Amino acid sequence: MGETRSEHQPESILIADCGSTITKVVLIDSVQGQYRFVAYADAPSTVNDPWDDVSIGLMHAVRQLETIVNRPLLDADGHLQWPETPDGVGVDRFAAVSSAARPLRVVLAGITPGISVASAQRATLHTYAEVVETVTLGGAAIEEDGPPDPPRTGDELINAIWHASPDLLCIVGGTDDGAREPVLNLVRDVIRVALYLLGEELPIVIYAGNAALRSEITELIEEVAPVHVVDNVRPTPEVENIGPAAEEIELCFYEQQLKYLPGGDTLRAWGSPVVLPTARTTDYAVRYCAHAWNPDKPALSVDVGSANVVLSVCQGGRPLTTVRTDLGIGYSLRSLLDRVEMADILRWLPFELDPVEARDRLLNKAFRPHSIAQTREEVLLEQAVVREAVRLTLRDLVPSWLGRDVTSLKDLVVPPCEPIIAGGGVLVHVPHHGLAALVLLDALQPLGSSGLYLDEYDLLPTLGAVAQERPLALVQTLRSGGLTYLGAAVSVVGRGRAGETAVTVRPAESREAPSIEVAHGTLHVLPRQAFALGTALELVPGRGIDIGAGPGKPTRVVYRGGTVGLIVDARGRPLPDRAEQLSPRMDDWLSEIER
Amino acid sequence: MLYAECFITPAATIYRKRVLPVPGQVLCGYGDQVASDRALAEADMAMGYHLLDLEYELHVEVDDPDRFLVKKIGDLVEQGEVIARRGRILLRECISPVKGRLIDARRGKILIETMPEHVQLRAFYPGKVVNVIPERGATLEIAAALVQGLWGTGRELRGRLDSAAPNGQTPLRGEQIGVSHMGTVLIGGRSLGQRAIEAAVRNQVAAIIVGSVSSALLPAIQESGLSVVATEGFGDWPMSDRAYQLLQANVGHETCISPTIQPRWEVQRPEVVIPLTTEVQPPALKAGAQIEIGTTVRAMRAPYENLVGRVASLPAGPRRLASDVRVHGAVVDLQTVGRVFVPFTNLEILR
């Protein structure tokens, strides 16, 4: 495919992102010798009943794209025309990503709940997997300090695994050269029997425990199931090493689930031999963003879909992804409502809403995942849910990313990021971009200065799909304004009296120009016309206030406008969590951000 | 375009797959006309397992369990029955803790499968077998009236359709349910309250079809064991006239209620199937209808949630919603509110 051109000659590329609710297609093509984003279209996904074929929705989306670009891409039989013909029919390359496959059902097995099992749990968060059962010998903690599970008998553990009917069984336990007998007992008396009983429904087995036991474990299990051995997730009590296990789990997701996406044959026939997981390709794109924007700051992507919430961060060249398959705003809304207190959702609303009515509305949305909010009230309700979903996902990401456990709200803030990119229907299809910006600020509560962007055309996951083979397509498309710049957000750390000045903003080079004072507890937006683009602004914090350069120290930002503008967030960090502190002020904050 | 669809139809040919949860034996053949209680397939389903430590029980190292077993692999064992024994004077015995089947013995351990449960998969719907699924079951072709709902709970069951609701607009009251409703599938009107749930349980009602339920009542409904289908979903919505009238017209008929809702990763609507005895096979339902002028649709989101109407026009370009978002959609003549613009994504075709 596309063999006639060199790697440096831009090709036309069609990329599909088959989600659980919406299938999106993006066309990238050469404009004056550079890759550029040309058009985007979408259609309802058809991965489920009554269609059970992802290619039907894909075909509808491509037909729409043909209308938009006024150029045929499919032939009369509905097959993608590739490579592109000299008269511009078809495309040179096709790639596909998907998040529509059912997540892996994972059973974790370890000695006791705690360190190793907790690490394995974190390893599952890197892809589309859900832990459906955790079996531990319980009893006295051997290597972990946490309270032991109420011990279950061997029979109960065997039956728990058997009833869970997992796609993947991940065994951990023991530091390298550490605990032996408990791990061997677990495998000999429980795992091996459970695997034997699962018969033809045998899961993939990963061993990521004490490295000294690899051959013994393999020998014990091999008789009933092949074992994939990877590095210990907890080689020492102090060191967590979840990378190899996470990669193996992701590979299993591909092998067990994504490969069998209904209708996937069409994607392969169109020239995409491998359909990559959307979270993986987003991760590729975020790595590039971290490199291209500001290598000293982490790049962060927030994608809120119907079935999943995905946070991807790259800091210092180290990528990290957290996928929560139980927190989406459509298909997963029911499980989301089981995990979030309704009061926590309602505190983000500027109006009163009866909790039962809110739950009724959200449950109806869960059963109509394609539907969109039609009134402002519903938009704000859905965005309130998104704030909580992102915060829950962040809670999982923070320990791996920032190396700290989340024990209080103070731990649930993120460092300055460049860029922070929002994706997903509820964030992208907003009446005012300010609403998306406010969701990011409320959910992530970034410190210092961060650039906020919106991925309106699903470019991160789609371009990430060609990042390995056609890196220029990713680089040139994103550089040429593929993402929508919302504006910079400068956040204030430190408390002051309400009404007192927290930050003064003034042009750095012109002392005569009027300055803008932002009071504590408020949010202030300098709209896109406030200054000429490129103007250097000096931000001077009040005493003891930190806006990224240290307490009381001024900082400079170059004014770059944005669809929202420069946001000075003087509400403090962390934001208050009680409804009576948040809800009455939401109206003011929304009014300001939507100016 | 692809649109959401909801079937509320007085006569159609529908196809429903009936499968065992585990592999078993299929008992029907292609072309069979089956009654609703006919067994389509059967299987022995394991319910759980027990692992016994022979070495611990017999106080001896066991290299070859066969030396001690008094039962053979595959034998049925009773609860309390001796499975293995050592010694003659100082007797040590290994006793089965459950009724079941001895399925394996090795490395000093014995594995017993708890007595498998024999399950039979019933046709549930009267119809014709049009596809046999080896080891699992069959697909049935059924002539029926069909009412799909949005939410449901409980188990699938059959019963005579009865009505306790004078209309689809008023909530079902406890005093409207009596002993004559025992075992019936009851048309409940607008919504369900705590007292109606209690009365339904007291009078052994099998299932209730209502317009809506409040999420606050979910624990009570689930605890009651009632099968419930809500045609319009959660909240306080009347049952649509279309659904109410169709159900009322079939009062007295045997009705199959399948309240199963979608698992998180699939789409499955709860439904009421009223089998028809008709000489002429009604047309088959096929998904994929298009929205055209005159199409009957239901709006799915506020401010027009659950209102039904006909498509009046199809504007060429996108329009701005109250939320300020611009989207493609249709102008729909909705009952009580008149002509309004509704996004395509918020419409479902009623068929």
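Two strands pair if DSSP finds at least two bridges between them. The legends below use this term for a predicted model.

**View 1. The eight-stranded sheet of chain A.** This open sheet has the strand order S13-S12-S11-S14-S15-S16-S22-S19, and its pairing is mixed. Strand S13 (318-324) and strand S19 (523-526) of chain A stand at the edges; each has a single partner strand, so one side of each is left without a neighbour in the sheet. From one strand to the next, the twist averages 20°.

View 2. Strand S14 (residues 420-423) and strand S15 (residues 448-454) of chain A are paired in the parallel sense over three bridges. Opposite A:Ile421 stands A:Tyr453 of S15(A). Helix H8(A) packs on the sheet, where it touches strand S11 (299-304), strand S12 (309-315), S13 and S14 of chain A. The direction of H8(A) makes about 35° with that of S12(A).

**View 3. The four-stranded sheet of chain A.** The strands of this open sheet follow the order S18-S17-S20-S21, with antiparallel pairing. Strand S18 (516-519) and strand S21 (555-558) of chain A are at the edges, each with a single partner strand, so one side of each is left without a neighbour in the sheet. On average, neighbouring strands of this sheet are turned by 25° against each other, direction ignored. Strand S17 (residues 501-507) of chain A pairs with S18(A) in the antiparallel sense over four bridges. A:Val505 has A:Ile516 in S18(A) as its bridge partner.

**View 4. Helix H16 of chain A and its cover.** H16 spans residues 471-482, and its buried residues are A:Ala473, A:Leu474, A:Gln476, A:Thr477, A:Leu478 and A:Gly482. The elements that cover them include strand S1 (13-18), strand S2 (22-31), strand S3 (34-44), helix H8 (278-293) and helix H15 (459-464) of chain A.

**View 5. Domains 2 and 3 of chain A.** The domain assignment gives domain 1 (13-100), domain 2 (104-256) and domain 3 (279-593). Eight residues of domain 2 of chain A are in contact with 10 residues of domain 3 of chain A. The side of domain 2 that touches domain 3 has three nonpolar, two polar and three charged residues. Taken over C-alpha atoms, the centres of domain 2 and domain 3 of chain A are separated by 36 Å.

**View 6. The contact of chain B with chain A.** Chain B brings 34 residues to this contact and chain A brings 40 residues. On the side of chain B that touches chain A, strand S6 (49-53) and strand S19 (227-234) of chain B each supply at least two residues. S6(B) gives the most, with three residues. By class, this side of chain B has 20 nonpolar, 10 polar and four charged residues.

Definitions and conventions
Residues are numbered from 1 along each chain as its sequence is written. Chains are lettered from A and ligands numbered from 1 in the order in which they are written. This is a predicted model: local features need pLDDT of at least 70, side-chain atom pairs count only at pLDDT 80 or more; totals for chains, interfaces and linings use all residues. A residue is buried if 20 or more other C-beta atoms lie within 10 Å of its own, exposed if 12 or fewer, and partly exposed in between; C-beta atoms are placed from the backbone. Two residues are in contact if their C-beta atoms, placed from the backbone, lie within 7 Å. Domain bounds come from an automatic or database domain assignment. Ala, Val, Leu, Ile, Met, Phe, Trp, Tyr, Cys and Pro count as nonpolar, Asp, Glu, Lys and Arg as charged, and the others, Gly among them, as polar. Axes are lines fitted to C-alpha atoms, for helices over the stretch in contact, and angles run from 0 to 180 degrees between N-to-C directions.
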